[in-house]
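Me: Got a file open here and want to go through the contacts. Can you take my questions as they come?

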Amino acid sequence: MVLDSKTPTGPLETRWTSHKGHIQLIGPINKRKYHVIVVGTGLAGASAASTLAELGYRVTVVTFHDSPRRAHSVAAQGGINAAKNYQNDGDSVFRLFYDTIKGGDFRARESNVYRLAEVSANIIDQAVAQGVPFAREYGGTLANRTFGGVLVSRTFYARGQTGQQLLYGAVAGLMRQVDTGQVKLLPFKDMLDVITVDGEARGIVMRDLLDGKIEALTGDAVVLATGGYSNAFFLSTNAMKSNVTATWRAHKKGAFFANPCFTQIHPTCIPVHGDLQSKLTLMSESLRNDGRVWVPRKKDDKRAPNDIPDADRYYYLEEKYPTFGNMVPRDVASRNAKYVCDQGMGVGASGYAVYLDFRDAIARLGRQAISAKYGNLFEMYEKIAGEDPYKVPMRIYPAPHYTMGGLWVDYDLMSNMPGLFVLGEANFSDHGANRLGASALMQGLADGYFVIPYTIGPYLSARGPGKGITNDHPEAKKAVQDAVDKTKRLLSLNGKRSVDSFHRAVGMKMLDKCGMSRSAAGLTETIAFIREQRAEFWENVSIIPKDGDTANQELEKAHRVADFLEFNELMCQDALARNESCGGHFREEYQTPEGEAQRDDENYCHVAAWEHRGVGEAPTLHKEPLTFEAVKLSQRSYK
Amino acid sequence: MSDTINVTLEVWRQPGAKAQGRFERYEMNGVSTHASFLEMLDGLNEKLINEGKEPIAFEHDCREGICGSCGFVINGQAHGPDRGTTVCQLHMRRFKSGTHLVLEPWRAKAFPVVRDLMVDRTSFDKIQAAGGYNGVNVGNAPDANAILVGKEAAGEAFDAAACIGCGACVAACKNASAMLFTSAKVGHFAMLPQGQPERYRRVARMFDEMEAQGFGACSWTQECEAACPKGISVKWISRGKRDYLKAKLVKDSGQSSDDGFAG
Ligand SMILES: Cc1cc2nc3c(=O)[nH]c(=O)nc-3n(C[C@H](O)[C@H](O)[C@H](O)COP(=O)(O)OP(=O)(O)OC[C@H]3O[C@@H](n4cnc5c(N)ncnc54)[C@H](O)[C@@H]3O)c2cc1C
Ligand code: FES
């Protein structure tokens, strides 16, 4: 089948306006005849649901959380980009577009990214009107900060809790629609499947997390805004419940999964402390402005860091990249940390950590200056690591953080499955092979507030109102029965291993072989390991309690881990098929003589969209070629 | 300092909302002091599963102190002994070996127990749906810099908006009042020019809904502020009560509260 991205033609700057101008409109009286199901209440889901409801659609919102305010977007720290040019430093829509395309190592669609940059300014206006308390100057105007990899100040922020405040703004908008009755909010519901009729999305199957009831929810269109899949690696900076279930089940029903191997590993996180480690905590990248990264030159050097003289310290980023030094991009910093640790130079109990040392900065600028800049981060570090970073260097290690891959969508954010729309981190759209800081929040809200409210119209109006199915439809009943059977099967297993033990085993293997650095041999080995663990899972997992009709957190996890055990294989397949290195995807076989990522624009300048063929079967690859008109492809260098 | 400790846990076990609950005792030996409190419980759960026993249910998600999912009472204190810290950010190095820890769920009529340490806090969202927003549609917003907000006012609004809705304030209050949560929401909007048009309607509706959801009244013991992991101040309660009074006075005199106090 041919993948049609439905990208408008004509000059880049006018594509979105002209596309909007030609969209088939649905009259206000008719909008209420359509029922839209939105899954997820993060920035993407909450903004989409409230805006669709404002327009007059009937909306039902589903989330597995007890409250929409808990969606993982709440944890975003640094900020949100927008091409406002409030600092008068020469920012523009084109610059934001260009930075994003280049940051993604030229693996995203020009039209989508341009639209994102174009609507970015409106997001800030909307958020401020909702009461989001962004940082301000004394004169009352909005403040900005600079973020990694760009030369302008375009990042808006609310202390270190930007995601929280943007989410609360979007959720307040959502609760307003709950108040008016236009949105029905269903918390504590885990979506377990998509219901399709003749290949089109007609609803979802969901399990109530309090009483275990599994039922259908049918509608005219389904919008997935279910977030990213970094927890495929078990340890990540994502919340514990973040998962791939919604998108994976949609994939199994026919939606293509695009670029699953494009994942981002963030260089500055607090390292693993031991076997009980459950997740990893991000430390802002800004620390690398003043902290120097090093490891002992000698392997297994057990001396305390402050006892190691300069001559015995290996400042590997400064030595390898004299121009950018400690400020190389995320992917480069992460990969090099792994290299030195793999060579036995890592520090800390596990040997998988490097030092981020402020000794010289404190000597140069004074403790007070450092504390003014990073005080809260130093405190957070001390709380978790139990060491005072003013006195001892921080220990950091890279951690999975964000997933650029996701369900394939066209320009209207509809997947190849008609009626199934995908927003936010769950889709593959705008970040190519690497995402720039502060642009995920921007994308989620752009999708929800400013794109889907327009682009859902053509699909709905073409179908016409009143074409939805009821819960008695055979396809709805079958999908419900399948979920009931799968749940029963999980509960009937009387194995010996906990759900977590499978998640941990496979995730850690992924991290090692399909994380910062990948090779054909390692990936092949990992696929075999995943298959083995998957087979064992379905015989030897132990889920207690055995009740399916009460709150059962082990059962919830089991459903999610069962899906990771299938999905992770696809991630490895995709990494194996992409015989190049680009952005966060580094194949050891494809590097420059200096050890940097080597893109292959001739053969791999495409989106890899995978079609499911059955668990354990080879998936089919569909390629969407990427063409660049406004930007010129170039190789990155940080020496 | 030794790297591992032993602790004795006494945990509230309750298989369902209507079921009878009881305390159960567990010994956890050799816990790494670097582990977080929830990771210690993960370890206990792994052990229980391996013994064929039922793991302890508790809510959590971000484990970074920001989503507000986690929360239970440790030795009588909501979120445990550290001030300004959610239980997911509490670490085992805080405790001496041999410590005895009693773990209980939030106890409040409006937060029914779901299982073990997990309670249902959806009543909070009922309060928010009763006007806890600015009524502005997408497409209506003026340029963000058209509305000037002083640095201090923005900072104060942020302080109120930092509430994560965990419910510790309710758990710490002897009346199980949700006054700190509700007032923080009300106060955040009331601090900003954008929040003025609906200021009095909002406070009247939200306070009334709080009562309707079965939360108790505020008798100003200020335990809520001490328990709040985000340090939300009780000053928001005084401000909220003042606004509420105004809203009710205007309503009783037959005027529209929105017109009477906007600005
Ligand atoms: C620690 C951290 C810091 C970050 N900082 C920044 C930053 O400074 N700037 C930036 O731009 N980006 C940042 N990011 C990235 C950004 O936060 C996310 O990419 C973004 O918030 C994702 O939003 P979303 O709406 O797509 O999904 P999410 O916010 O993850 O929401 C997913 C929703 O889907 C629901 N859901 C999922 N599956 C199901 C299911 N099966 N059934 C029912 N409901 C389901 C969940 O309940 C939730 O409501 C950060 C990420 C992390 C981890
Ligand atoms: S788990 Fe999110 S605040 Fe504790």
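**Chain and domain contacts**

Reply: Between chain A and chain B there are 44 residue pairs in polar contact, both residues at pLDDT 80 or more. Keep in mind that this is a predicted model.

Me: Which helices of chain A supply at least two residues to the side that touches chain B?

Reply: Helices H3 (43-55), H5 (110-130), H6 (162-180), H11 (367-385), H12 (440-463), H14 (499-513) and H16 (553-577) of chain A each do. H6(A) gives the most, with eight residues.

Me: And by class, what does that side of chain A have?

Reply: The side of chain A that touches chain B has 31 nonpolar, 25 polar and 19 charged residues.

Me: How many residues does the contact take from each chain, and what area is buried?

Reply: Chain A puts in 75 residues and chain B 79. The buried area is about 6,300 Å², with 52% of it from carbon and sulfur atoms.

Me: How many salt bridges across the interface of chain A and chain B?

Reply: The rule finds eight. One of them joins the side chains of Lys84(A) and Asp143(B), at 3.0 Å from N to O.

Me: Switching to domains. What are the bounds in chain A?

Reply: The domain assignment gives domain 1 as 34-265 + 402-463, domain 2 as 270-400 and domain 3 as 474-597.

Me: How many residues are in contact between domain 2 and domain 3 of chain A?

Reply: 13 residues of domain 2 of chain A contact 10 residues of domain 3 of chain A. About 950 Å² is buried between these two domains, 54% of it from carbon and sulfur atoms. Arg335(A), Lys338(A) and Tyr339(A) supply 52% of the area that domain 2 of chain A buries there, more than any other three residues.

Me: Which residue forms a salt bridge with Asp512(A)?

Reply: Lys338(A) does, with the closest N and O atoms 3.8 Å apart. Across the interface of domain 2 and domain 3 of chain A, the rule finds one salt bridge.

Me: Last topic, ligand 1. Which residues come nearest?

Reply: Of the 37 residues around ligand 1, the nearest are Ser73(A), Gly78(A), Met191(A), Glu425(A) and Leu441(A).

Conventions. Residues numbered from 1 in each chain as written. Chains lettered and ligands numbered in written order. Predicted model: local features only at pLDDT ≥ 70, side-chain atom pairs only at ≥ 80, totals over all residues. Heavy atoms only, no water. Domains from an automatic or database assignment. Contact = heavy atoms within 4.5 Å. Buried area = accessible area lost by both parts, 1.4 Å probe. Salt bridge = Lys/Arg side-chain N within 4 Å of Asp/Glu carboxyl O. Near = heavy atom within 4 Å. Polar contact = N/O pair within 3.5 Å; in protein donor to acceptor, adjacent residues only side chain to side chain. Helix = DSSP H or I, 4+ residues; strand = E, 2+ residues; numbered from the N terminus. Nonpolar A, V, L, I, M, F, W, Y, C, P; charged D, E, K, R; others polar.
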